[in-house]
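Colleague: Let us go through this model together. I will ask, you answer.

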Amino acid sequence: MPGLHSYLVVAALVFAIGLFGVLTRRNAVGILLGIELMLNAVNINLVAFARLHGDPIGLLFALFTIAITVAEVAVGLAIVIVIFRVRRTIDADRLDLLRG
Amino acid sequence: MDKPLVVLALPFAVFLLLSLAAPLRRRGVLAGWVSTAATAAAFVTALVIWRDGARGSLIVPWLPGDGGPMATVGLLLDGLSAPMLVLVTLVSLLVQVYSLAYLDDEPPRSLGRYYVYQSLFAFSMLGLVLSPTYLQMFVFWELVGLCSYLLIGFWYTRPAAARAAVKAFWTTKLGDLGFVAGIVMLWSNTGTFEFEALFRMAKDQTLPLEGLTTIMFLIYLGAVGKSAQFPLHVWLPDAMEGPTPVSALIHAATMVTAGVFLVARSEPLLVLVPAVLTIVARVGAFTALLAATMACVESDIKRVLAYSTVSQLGYMLAAAGAGAAAAGFFHLLTHGVFKALLFLGAGAVIHAVGTNDIFRMGGLWRFMPHTGIVFIAGTLALAGVWPLAGFFSKEAILEGVVAGGRPGVFVALAVTAFLTAFYMFRVVFITFFGPGHPHGDTHPPHDPPWLMRGPLWLLAALTVAIGVRFVIGAPGDHHPPVWLTVLSLALAGGGIALAWAMYGTGVIPVELVRRPLATIDFLARRRYFLDAIYGGIYRGLMLGFSRVVGWIDRYVVDGILNVCSAWSLRAGDALRRIQSGQAQDYVYGVAFGVLLLLVWARWWRTP
């Protein structure tokens, strides 16, 4: 049974990989995937601490997060599809209408 | 004190009526007759006041103050103001009658405007004369200045007239600055503006003498501007751009003498400060001489008269400065009559030949005998020939100057008397007896209509009558020394003889006299470069200063602003670039920021 430390390291790694994806991916779908990884890192943390403290409320929070993540992905993909319809691209570099 | 109030109220009522009732004003001639009728009534009332010899004052509080009014207004009728009332209303009346004919080719609209100004002027001048306080005098002083400005610029579409009006206004304002500063200082020293209170204090020797020299000098500066004394005399010759009757009324008989009136009025205070009196006398004598030399070379008939007026005003003030203010005031009255006569006569000549240049007139005696006779009567009076009015007032001044112990002033005035006779008869000989110029056979010049001839004859008769009155017996039966009488007659005769020899017969060629006096001739023809100096001062000092201010505004003030705005633009442009519009960049910023916060919280934060 690995200790809390191992879980936290894994979660941090997953979070860092997700953040890296968000920052470097040029494809909007890839960015969404990165966000998913970051959210799952959070879930790992929640579950690890719930287990450490023997408190089921942490599990409950993880469930909520999963549900909301699903909704978020649905909305995010819908936005990506609309952007594609309008701009004929989902390349993040070319989505710069707000450039100053 | 009802009658002076009536005299004052009549022109004011006409002014209000004409300025408010536009249909009446636009009728022109009708407005003129209304104004003339009111002035005639005022003149009769003034005459009654003068005959009655009524004296008195009426004072009502004006500005409230702690413990009694701060300033008062009212009327003061005394030996100075009563004759002035008669002079002002008389000349106003005659000028208004004369103007009806002189300005007959003006459109009715502007003729109505002319009479609005005329009645406002009559009101203001009467108010000035009747003022019992310095403050009220200053108010009316400025009002007559305004009327002068309006009437010089009556033909405001002519650039020369508009320029002359502005010049007159500003030049006199320069003196008025001193006047207003002086009366305010006097008030802060004594707490009153009232003449009677001030004179009482002067008599009881309770007047604070501290700073009085400065105060009286400042008040005298007002007279320097208004009465065209050197070095502020430059506006009066230019003021001749106005209609000739205006020149006769304002710039010869009444307004310009306000300065003399002021000095005569302030005499009880002036005698306490001999230094100022010396200045008044010397500046007056210098002005008299300077203006007389300029009159000798002028070829514009109105300008000759204007310089003559400057010269005579210098005469009056020199008398006042020498302690003979009564003689100066007497000369003011007689001069008002015969100088108005001369101006109106010149107006008749100008009206007939259509030019101001005396060398383009000539031989007018045959065509205009009436005008010629009255003009010569006025000229003789101005030259100081017995038994006309000017002789007695001029002699009184010379006597007063001798009695005041000012030999330098006396010599200057004596030379001026000689020059006066010379330049006036120069005009007469050239204009009326000089070689006749072809005036065109169809329209030879002719005497003016009776509306103009009447005032001329009346003034001429008055000039003679005043003289005759003094021949019969001067009031108080006072006789000046015989040598003075002989001297003044000799000076006048000499001037007339020289003018006759040079311009009447040509016995003495003009060049013969001009050559030894080439320097003075050169300077006088260029008005002693005073206008050029003022122009230079204006251009050099005012425009130079303005240029410096303009440079500072353009390059320093605007420069600072421009640099600030340029920096703002640059900074904005630089900052604009961080708004890439790409969501990933923002996320990168947030992530990096959070990382920084973490590092700071973990290692740098002091517990």
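Colleague: How many helices and strands does chain A have?

Modeller: First, the ground rules: this is a predicted model, where local features need pLDDT of at least 70, side-chain atom pairs count only at pLDDT 80 or more, and totals for chains, interfaces and linings use all residues. Residues are numbered from 1 along each chain as its sequence is written, with chains lettered from A and ligands numbered from 1 in the order in which they are written. Helices (H or I, at least four residues) and strands (E, at least two) are DSSP runs, numbered from the N terminus. Chain A reads α-α-α along the sequence, with zero strands and three helices.

Colleague: What radius of gyration does chain A have?

Modeller: The C-alpha trace spans about 50 × 25 × 25 Å along its principal axes. The radius is taken over C-alpha atoms, and the globule rule is 2.2 Å times the number of residues to the power 0.38. A compact globule of 100 residues would come out near 13 Å, but chain A has 17 Å.

Colleague: How many residues of chain A are in contact with chain B?

Modeller: Contact means C-beta atoms, placed from the backbone, within 7 Å. On the chain B side, ten residues take part. For chain A, the number is eleven.

Colleague: Which residues does Ala319(B) contact, leaving aside its neighbours within four places in sequence?

Modeller: Ala319(B) is among the residues with the most contacts inside the largest nonpolar core. Its partners are Ala324(B), Ala325(B), Ala327(B), Gly328(B), His331(B), Ile397(B), Gly400(B) and Val401(B).

Terms used: Two residues are in contact if their C-beta atoms, placed from the backbone, lie within 7 Å. A nonpolar core is a set of buried Ala, Val, Leu, Ile, Met, Phe, Trp, Tyr and Cys residues joined through C-beta atoms within 7 Å. A residue is buried if 20 or more other C-beta atoms lie within 10 Å of its own, exposed if 12 or fewer, and partly exposed in between; C-beta atoms are placed from the backbone.
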